[in-house]
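Here are a few notes to read alongside the model. Have it open while you go through them.

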Amino acid sequence: MKKSKIGKTLPVPGMLQEAGDPLEAPGAGATATLNLANHFLIAMPSMQDPVFGGTVVYVCEHNENGVLGVVINKPTDMTMEVLFERIDLKLESNVDVDAPIMFGGPVQDDRGFVLHTPGTRYSSSLTVTEDVAFTTSIDVLEAVAAGEGPPRMLVSIGYSGWSPGQLEDEISRNGWLTVGADPDILFKLPIEERYTAAMRLLGIDPLMLTSEAGHA
């Protein structure tokens with residue numbers, strides 16, 4: 001299984017300075033003490049960041065090199081049909097051509113990335129759990145175009161990244177709540193319901209939430 005390439009420094013939250021393929025280079029052997037892989041990061045209502053305010057981020061990988069994730073509730077104006085036209089692939093009729101493409105984050109926001117159910121092996125893919133994989137190679141989109149793609153998926157433009165210790169610092173400053181991820185929220189739930197549903201995994205009504213930090 002390939003590991004992600006996560007840069008060492010960040011000029012802004014969630015923005016990697018080095019923008020290589022996130023699954024291109026082998027990662028370090030040891031993982032961080034706090035491992036948030038397969039967790040949701042839920043932006044606190046007090047977060048005013050124009051990129052991450054109001055978002056839910058699915059964490060694909062967390063090790064001593066940093067954190068890699070994908071925003072799952074911030075749709076772009078681009079649809080599946082438009083994306084596939086841009087990469088010169090013809091979609092089969094069983095694909096929802098009007099499905100929106102997510103803004104996954106500010107890193108490599110000119111490239112497509114796919115969260116999906118595991119199964120078929122693709123050339124550059126990270127299996128997070130038995131329910132979720134993260135793929136950066138175009139062969140997954142080619143499979144989708146041919147009507148042979150994963151049964152459940154979320155396509156994004158860009159991804160989110162944090163350098164070692166940065167996300168932990170943002171959490172300690174009440175920037176994020178964390179909770180174990182639910183694949184149904186990731187793949188099934190309408191986009192506009194994902195933030196509230198992720199909050200409710202913590203037993204929290206977002207309308208009643210203060211700026212206090214919390215973890216699951």
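Predicted model: local features only at pLDDT ≥ 70, side-chain atom pairs only at ≥ 80, totals over all residues.

1. Let's start with the pocket. Strand 5 (100-103), strand 9 and helix 4 each supply at least two residues of the lining of the largest pocket. Which of them gives the most? That's strand 9, with three residues.

2. The largest pocket has a volume of about 500 Å³. Its lining is made up of 21 residues, and those nearest the centre are Asp96, Ala99, Met153, Leu154 and Phe187. Sorted by class, the lining has 14 nonpolar, three polar and four charged residues.

3. Now for the core. The largest nonpolar core has 30 residues, and Phe40, Ile42, Tyr58, Cys60, Ile72, Leu115 and Leu186 have the most contacts inside it. Elements giving two or more residues to this core include strand 1 (39-43), strand 2 (56-63), strand 6 (107-116), strand 9 (153-162) and helix 4 (183-187). Helix 5 gives the most to this core, with four residues.

4. If you skip its neighbours within four places in sequence, Ile42 is in contact with Thr55, Gly175, Trp176, Leu177, Val179, Tyr195, Ala198, Met199 and Leu202.

5. Apart from it lies another core, of 16 residues, with Leu91, Val95, Val114 and Val140 among them.

Technical notes. Residues numbered from 1 in each chain as written. Heavy atoms only, no water. Core = buried A, V, L, I, M, F, W, Y, C linked by side-chain atoms within 4.5 Å. Buried < 20%, exposed > 50% of the residue type's maximum accessible area, 1.4 Å probe, protein only. Contact = heavy atoms within 4.5 Å. 1 Å grid on protein atoms, 1.4 Å probe; cavity = no way out; pocket = protein on both sides within 12 Å on 5 of 7 lines; lining within 4 Å. Points joined across faces, edges and corners; volume = space filled by probe spheres on them. Nonpolar A, V, L, I, M, F, W, Y, C, P; charged D, E, K, R; others polar.
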